[in-house]
Amino acid sequence: MPDVLLSDMISVQLGEQEPWPQLIKLYQPYEVEQILLPDNANCLAVQAYLKMCGLEFQIEPRHNAEFMSPSGRVPFIQCGAFLVSGFDNIVNFISSKGAGLSDRLSMGEKADMRAFLCLINVLVNAEQYICWVDETTLNSVTLPRHGSVYPWPLNHLMNWKKRVQVIKKLKALGYHDWTVEAILNDVKACCSALSERLNNSHYFFEKFPTELDALVFGHIFTILTTPLPNDLANVVKEFPQLVNLCKRIETKYFQPSY
């Protein structure tokens with residue numbers, strides 16, 4: 001893991017010296033048949049951020065995008081000679097080249113934003129739990145989709161390896177022994193805090209979007225639009241401020257192309 005982080009950091013630092021290529025390539029799993037809720041949320045967040053920055057990009061779906069990524073995370077972007085993976089690293093890379101969204105914020109606002117960016121981990125962990133621990137979702141949604149791009153019996157092996165990996169991470173965070181009800185309550189508390197911070201503003205920081213808006217959009221929109229055999233979407237629907245934020249961002253940055 002340290003080598004992976006060092007690789008990403010070097011890519012970001014060296015990338016500062018390179019001009020923008022004409023087109024950024026964004027690599028992610030196939031949306032229709034393969035991608036799962038957590039990865040879809042991250043991919044959509046990066047797409048929203050790139051659109052908010054006014055940067056042109058081309059989506060490159062790959063069945064093995066996770067294994068092509070320098071960190072094993074999706075999505076990742078190819079920018080000239082550099083590969084940068086993960087939402088945070090992509091935001092830092094773009095900001096280092098003067099195209100970021102948060103330069104207009106004060107130091108206090110930036111600290112506030114970082115705290116809420118960390119809060120989104122509640123949604124990330126909930127999505128992983130729902131997909132890989134909850135038996136109903138695991139059997140009806142996760143395993144068929146994740147294994148769809150591999151032939152038998154490789155599909156079963158890849159599903160098993162991924163589940164072991166996710167459960168190990170959730171155990172380290174103390175989430176594995178939770179119930180679905182506890183997870184949903186955690187999501188509710190997270191959404192309540194985000195909704196209170198947003199209040200009736202157009203974006204989290206008044207009139208212009210930041211990476212926080214892009215990340216919240218990616219996760220909330222994906223939860224709302226992904227059919228799952230649980231009440232995760234219903235919990236999010238209890239917070240109309242967040243739902244309306246998603247509608248504004250979708251209308252401004254994705255329609256009619258999305």
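**Notes on salt bridges and a helix crossing**

1. Starting with Glu-238: this residue is partly exposed, its relative accessible area being 44%. Keep in mind that we're looking at a predicted model. Glu-238 pairs with Lys-188 in a salt bridge, with 3.4 Å between the closest N and O atoms. Glu-238 sits in the loop between α11 (232-237) and α12, while Lys-188 belongs to helix α9, so the bridge ties together parts 50 residues apart in sequence. Lys-188 is partly exposed too, at 38% relative accessible area.

2. Now for α9 and α12 themselves. Helix α9 (residues 180-198) packs on helix α12 (residues 240-254) at an angle of about 70°, and their axes are 8 Å apart. The two are therefore roughly perpendicular, and their crossing is left-handed. On the α9 side the contact uses Cys-191, Leu-194, Ser-195 and Leu-198; α12 brings in Gln-241, Leu-242 and Leu-245. By type, that contact comes to five nonpolar residues, two polar and no charged.

3. Back to the salt bridges, of which the structure holds five. One of them joins Glu-135 to Arg-163, the closest N and O atoms lying 3.6 Å apart. That pair links distant parts of the chain, 28 residues apart: Glu-135 is in helix α7 (residues 135-146) and Arg-163 in helix α8 (residues 154-173). Glu-135 is partly exposed at 44% relative accessible area, and Arg-163 counts as partly exposed at 24%.

4. Worth a look as well: Glu-60 and Arg-62 form a salt bridge with closest N and O atoms 3.3 Å apart. Here Glu-60 is buried, with 11% relative accessible area, whereas Arg-62 is partly exposed at 29%.

Notes: Residues numbered from 1 in each chain as written. Predicted model: local features only at pLDDT ≥ 70, side-chain atom pairs only at ≥ 80, totals over all residues. Heavy atoms only, no water. Axes fitted to C-alpha atoms, helices over the stretch in contact; angles between N-to-C directions. Helix = DSSP H or I, 4+ residues; strand = E, 2+ residues; numbered from the N terminus. Parallel < 35°, antiparallel > 145°, perpendicular 65-115°, else oblique. Left-handed = near helix turned anticlockwise from the far one by under 90°. Contact = heavy atoms within 4.5 Å. Nonpolar A, V, L, I, M, F, W, Y, C, P; charged D, E, K, R; others polar. Salt bridge = Lys/Arg side-chain N within 4 Å of Asp/Glu carboxyl O. Buried < 20%, exposed > 50% of the residue type's maximum accessible area, 1.4 Å probe, protein only.
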